[in-house]
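Here is a short report for a reader new to this structure. Look at the sequence and the model first, then read on.

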Amino acid sequence: MSTFDLLTDDVIRCILQLQTKNATKCLSGWKSALPALAMCRRWRALAIPLVYSAIIIGDGPQIEQTYMPIDRCSIAALDSQNQKTNMRLLVDNGYIGSAKELVVSLTPDFHPIKVLSYLSDSLCQDNHDWSNIRTFKLTFCTTVFSYELLAMNEENDKQLAVQIAHNLASKVNRVQIFAARSMLDDDLLTAFTEVLGRRYFGELRDIYWMTHGTLGPECTTTQLTSCLLRHANDEHGLPLICPQKLKYLRIVPFLNAFSWLCFHFDKTSDDIVFENLRTLDLEDRRFGIRVPNSPPLSLENGKVPNIAFPRLNRLVFKSVTLTPEITRLFVASPLKSVAYDGLPSNILELRGLNISRLDMLSVRIWYGFTVSPPDFYACTNELFQETNSAKYTLLAVTIEETIIDAAQAYWPCLTHLDLCNEYLPNLALDLIPRAPNIVYLAVRAFKAGEHETEEKVQEYFDGLSQRYSQPLNSKITYVSLVFARGRLPLFDTLAIDLFTRCLPKLINITISD
């Protein structure tokens with residue numbers, strides 16, 4: 001009996017889940033999971049439900065990736081890319097009916113209707129049973145600019161795209177999780193995704209809407225537990241959602257401000273209560289989040305709604321201009337974690353959330369041309385002195401024009417510090433005494449060591465070694481360093497030696513570019 005035979009099925013499943021974790025994301029991830037089927041009969045039997053759980057059509061980026069255009073390529077290459085699929089292998093092995101996820105990632109450049117027709121042929125022509133499909137991930141990526149794409153559409157293509165969407169929704173008709181993402185602002189593709197979204201919406205448990213289309217107030221639901229509305233352009237284009245079951249909500253307005261009125265499901269009440277919401281993520285690209293005393297929030301009876309989050313634990317602000325009206329919404333919420341990402345001009349408004357009660361506070365600041373150094377230090381010093389009970393406090397700073405002045409910084413309650421700049425002359429070692437409780441330090445000096453000679457590198461670190469000749473009084477256990485790609489190996493060696501000598505409690509240090 002081999003050692004592997006002693007492992008229980010639960011242990012083997014845990015191992016296989018790690019090996020096949022990307023099998024439902026994209027074709028390359030699925031192919032990387034195939035070796036799990038070649039171990040032995042026992043392992044194969046346990047791996048089959050994991051490997052054959054998704055039908056994948058197209059070879060674009062996975063829906064979970066940060067969205068970036070793929071490389072420009074020829075029409076023939078794109079056609080080949082769009083027709084790649086694992087369906088044939090699932091059919092040949094008899095597992096097509098057991099698939100629970102449908103992952104479509106297409107690049108509809110030049111001929112969008114051709115791509116949609118191929119998708120229709122793949123899913124609607126054969127008499128396959130799609131009744132087990134519960135998750136549908138749809139991604140449209142591009143290699144060209146939108147005006148090139150728009151020029152290829154013909155007048156009747158939009159009607160055909162709508163018909164394809166209706167056929168697809170009728171065939172794959174038991175979807176509970178729908179994720180739609182498109183970087184193309186194209187009428188044809190927008191119409192296609194809108195039909196799918198509206199057909200599925202009433203029965204969905206989770207929706208992640210990251211397209212340029214709108215769902216409209218005729219879409220109503222009482223079932224949603226997770227919701228992401230990325231292009232929430234105007235209140236007339238938003239669906240009507242009952243907030244009672246929501247546990248996760250992310251709102252990313254794009255062209256206009258968001259209105260909470262899409263959650264005013266109970267017209268007999270003036271209250272909008274997110275009874276079970278645990279995580280709220282608000283991101284504003286341009287105009288900000290409307291607050292209750294804004295005129296557009298008036299109800300049909302002219303009253304202003306009472307918005308409440310009685311179980312909210314985690315709150316995230318990204319590029320949102322904080323005001324007392326916004327923070328007042330969450331004063332009564334039992335917050336344990338708050339994350340802020342943006343300019344430092346109004347971070348002191350976070351104090352309106354009663355941050356002294358938090359377990360975690362994360363502040364990521366873009367420190368650039370609009371803020372003077374005294375404002376930055378005064379804000380951060382005051383803010384983090386109020387978080388003395390938090391177990392995790394992070395300050396991440398991207399510096400655009402000046403260097404952090406250690407003499408003005410004082411962050412005694414900080415546990416995690418992340419600095420990013422082209423150059424950090426002392427590699428942030430001069431800041432450690434100003435933040436004596438940090439356990440994690442990240443230094444992203446992405447031009448440090450670039451094209452330096454060995455003599456220059458040695459001279460630089462000799463100077464730092466003389467300045468920091470004694471170990472620092474520090475609790476830091478983990479250090480992450482990012483340096484220039486064009487640096488010499490000697491730069492890494494001397495950096496590791498320096499931090500190892502200066503930080504007596506250091507356990508791990510990583511260097512990358």
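A polar contact is a pair of N or O atoms within 3.5 Å; within protein, one atom must be able to donate a hydrogen and the other to accept it, and residues adjacent in sequence count only if both atoms are side-chain atoms. His264 gives two examples. A polar atom of the His264 side chain lies 2.7 Å from the backbone oxygen of Ser269. The His264 side chain also reaches the backbone oxygen of Asp266, at 3.3 Å.

Some ground rules come next. This is a predicted model, in which local features need pLDDT of at least 70, side-chain atom pairs count only at pLDDT 80 or more, and totals for chains, interfaces and linings use all residues. Residues are numbered from 1 along each chain as its sequence is written, and side-chain values use heavy atoms, with hydrogens and water left out.

**Overall make-up**

The protein has 13 helices and 20 strands. Both are DSSP runs numbered from the N terminus: helices are H or I with at least four residues, strands are E with at least two. Of the 513 residues, 51% count as buried. Buried means under 20% relative accessible area, exposed means over 50%, and partly exposed is in between (1.4 Å probe, protein chains only). Contact means heavy atoms within 4.5 Å. Among contacts between residues at least 6 apart in sequence, 69% join residues at least 24 apart.

**The nonpolar core**

Nonpolar side chains tend to be buried together in soluble globular proteins. A nonpolar core is a set of buried Ala, Val, Leu, Ile, Met, Phe, Trp, Tyr and Cys residues joined through side-chain atoms within 4.5 Å. Which residues touch the most other members of the largest core? They are Phe192, Trp260, Phe263, Phe317, Phe330 and Leu350, out of 141 residues in that core. Take Phe330. Setting aside residues up to four places away in sequence, Phe330 touches Leu280, Leu282, Phe309, Leu312, Leu315, Phe317, Leu335, Leu353 and Arg357.

**Two packed helices**

A packed pair of helices is described by the angle between the axes and the distance between them. Helix α12 (residues 454-467) and helix α13 (residues 489-502) have axes that come within 10 Å and cross at roughly 5°. The axes are lines fitted to C-alpha atoms, for helices over the stretch in contact, and angles run from 0 to 180 degrees between N-to-C directions. Angles under 35 degrees count as roughly parallel, over 145 as roughly antiparallel, 65 to 115 as roughly perpendicular and the rest as oblique. So α12 and α13 are roughly parallel to each other.

On the α12 side, the contact is made by Glu454, Val457, Gln458, Tyr460, Phe461, Leu464 and Ser465. They meet Leu490, Phe491, Leu494, Ala495, Leu498 and Arg501 in α13. By class, this contact has 9 nonpolar, 2 polar and 2 charged residues. Here Ala, Val, Leu, Ile, Met, Phe, Trp, Tyr, Cys and Pro count as nonpolar, Asp, Glu, Lys and Arg as charged, and the others, Gly among them, as polar.

**Residues in loops**

His264 sits in the loop between β9 (248-251) and β10 (271-273). His264 is buried, with a relative accessible area of 2%.

Leu427 lies in the loop between β17 (416-421) and β18 (440-445). Its phi is near 50°, a positive value in a residue other than glycine. Is Leu427 buried or exposed? Leu427 is buried, at 0% relative accessible area.

His451 is found in the loop between β18 and α12. Phi of His451 is near 55°, again positive in a residue other than glycine. His451 is exposed, with a relative accessible area of 65%.

Lys245 is in the loop between β8 (240-241) and β9. Lys245 is partly exposed, at 40% relative accessible area. Leaving out residues up to four places away in sequence, Lys245 touches Thr222, Gln223, Leu224, Thr225 and Asn276.

**Residues in strands and a helix**

Val104 is in strand β2 (residues 101-106). Val104 counts as buried, at 0% relative accessibility. Ser362 is in strand β15 (residues 360-367). Ser362 is buried too, with a relative accessible area of 8%. Beyond its neighbours within four places in sequence, Ser362 is in contact with Val338, Ala339, Tyr340 and Leu394. Asp187 lies in helix α9 (residues 187-200). At 53% relative accessibility, Asp187 counts as exposed.

The table lists C-alpha separations.

| Pair | Apart along the chain | C-alpha separation |
|---|---|---|
| Val104 and Ile56 | 48 residues | 5.9 Å |
| Asp187 and Ala161 | 26 residues | 9.9 Å |
| Lys245 and Ser226 | 19 residues | 8.6 Å |
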